[in-house]
Amino acid sequence: INAEYMGGKKKGGHKRKAVRTWSLYIFKVLKQVHSDTGISNKAMNIMNSFINDIFDRLATEASKLAKINKTKTLSSREIQTAVRLTLPGELAKHAMSEGTKAVAKYTSA
């Protein structure tokens with residue numbers, strides 16, 4: 001039996017930890033907006049850090065709201081309120097409309 005398939009280490013080697021990034025999604029959106037434009041690795045790393053930071057801020061704010069409401073589940077309402085509180089003006093409005101559109105598409109499928 002091959003140890004690699006059993007979740008173990010390969011003989012003499014180290015098992016690599018999978019790194020999760022937003023790179024694929026960033027690239028897809030870039031191509032939708034500017035199909036002729038590329039992005040360097042350094043710029044992609046910056047964008048990845050930016051998305052992780054915003055995600056963390058929104059998740060933290062949403063979990064605070066859930067605690068205040070004495071619930072253990074994050075609903076779309078907590079996320080929506082977190083977006084309103086975290087993002088500034090016009091950006092929050094755009095995020096709200098895109099989020100509402102995404103939830104509607106998810107529930108209809």
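Reader: Is the crossing of H3 and H4 left-handed or right-handed?
Author: The crossing of H3 and H4 is right-handed. A crossing takes this name if the near helix is turned clockwise from the far one by less than a right angle, and is left-handed if the turn is anticlockwise.

Reader: What kind of model is this, and how are its residues numbered?
Author: This is a predicted model, in which local features need pLDDT of at least 70 and side-chain atom pairs count only at pLDDT 80 or more, while totals for chains, interfaces and linings use all residues. Residues are numbered from 1 along each chain as its sequence is written, and side-chain values use heavy atoms, with hydrogens and water left out.

Reader: How many helices and strands does the protein chain have, and what counts as each?
Author: The protein chain has 4 helices and 0 strands, in the pattern α-α-α-α along the sequence. Both elements are DSSP runs numbered from the N terminus: a helix is a run of H or I with at least four residues, and a strand is a run of E with at least two.

Reader: Why is H3 called roughly antiparallel to H4?
Author: Helix H3 (residues 76-86) and helix H4 (residues 89-108) pack at an angle of about 160°, with their axes 9 Å apart. Axes are lines fitted to C-alpha atoms, for helices over the stretch in contact, and angles run from 0 to 180 degrees between N-to-C directions. Angles under 35 degrees count as roughly parallel, over 145 as roughly antiparallel, 65 to 115 as roughly perpendicular and the rest as oblique. H3 is therefore roughly antiparallel to H4.

Reader: Which residues make the contact of H3 with H4?
Author: Gln80, Val83 and Arg84 of H3 meet Ala92, Ala95, Met96 and Thr100 of H4, where contact means heavy atoms within 4.5 Å. By class, this contact has 4 nonpolar, 2 polar and 1 charged residues. Ala, Val, Leu, Ile, Met, Phe, Trp, Tyr, Cys and Pro count as nonpolar, Asp, Glu, Lys and Arg as charged, and the others, Gly among them, as polar.

Reader: What makes H1 and H2 roughly perpendicular?
Author: Helix H1 (residues 23-33) and H2 pack at an angle of about 105°, with their axes 10 Å apart. The angle lies within the perpendicular range, and so the two helices are roughly perpendicular to each other. Ser23, Ile26 and Phe27 of H1 form the contact with Met44, Met47, Asn48 and Ile51 of H2. It has 5 nonpolar, 2 polar and no charged residues.

Reader: Why is asparagine 48 called buried?
Author: Asparagine 48, in helix H2, has a relative accessible area of 11%. Buried means under 20% relative accessible area, exposed over 50%, and partly exposed in between (1.4 Å probe, protein chains only). Asparagine 48 is therefore buried. Its side chain reaches the backbone nitrogen of tryptophan 22 at 2.7 Å. Beyond its neighbours within four places in sequence, asparagine 48 is in contact with Thr21, Trp22, Ser23 and Ile26.

Reader: Is isoleucine 51 buried, partly exposed or exposed, and how do you know?
Author: Isoleucine 51, also found in helix H2, has a relative accessible area of 24%, and so counts as partly exposed. Not counting residues up to four places away in sequence, isoleucine 51 touches Trp22 and Ile26.

Reader: What makes glutamate 78 buried?
Author: Glutamate 78 is found in helix H3, and its relative accessibility of 7% is the reason why this residue counts as buried. Leaving out residues up to four places away in sequence, glutamate 78 touches Ala62, Leu65, Ala66, Asn69, Thr71 and Thr73.

Reader: Why is lysine 70 called exposed?
Author: Lysine 70 lies in the loop between H2 and H3. Its relative accessibility is 75%, and lysine 70 therefore counts as exposed. Its phi is near 55°, a positive value in a residue other than glycine.

Technical notes
A polar contact is a pair of N or O atoms within 3.5 Å; within protein, one must be able to donate a hydrogen and the other to accept it, and residues adjacent in sequence count only if both atoms are side-chain atoms.
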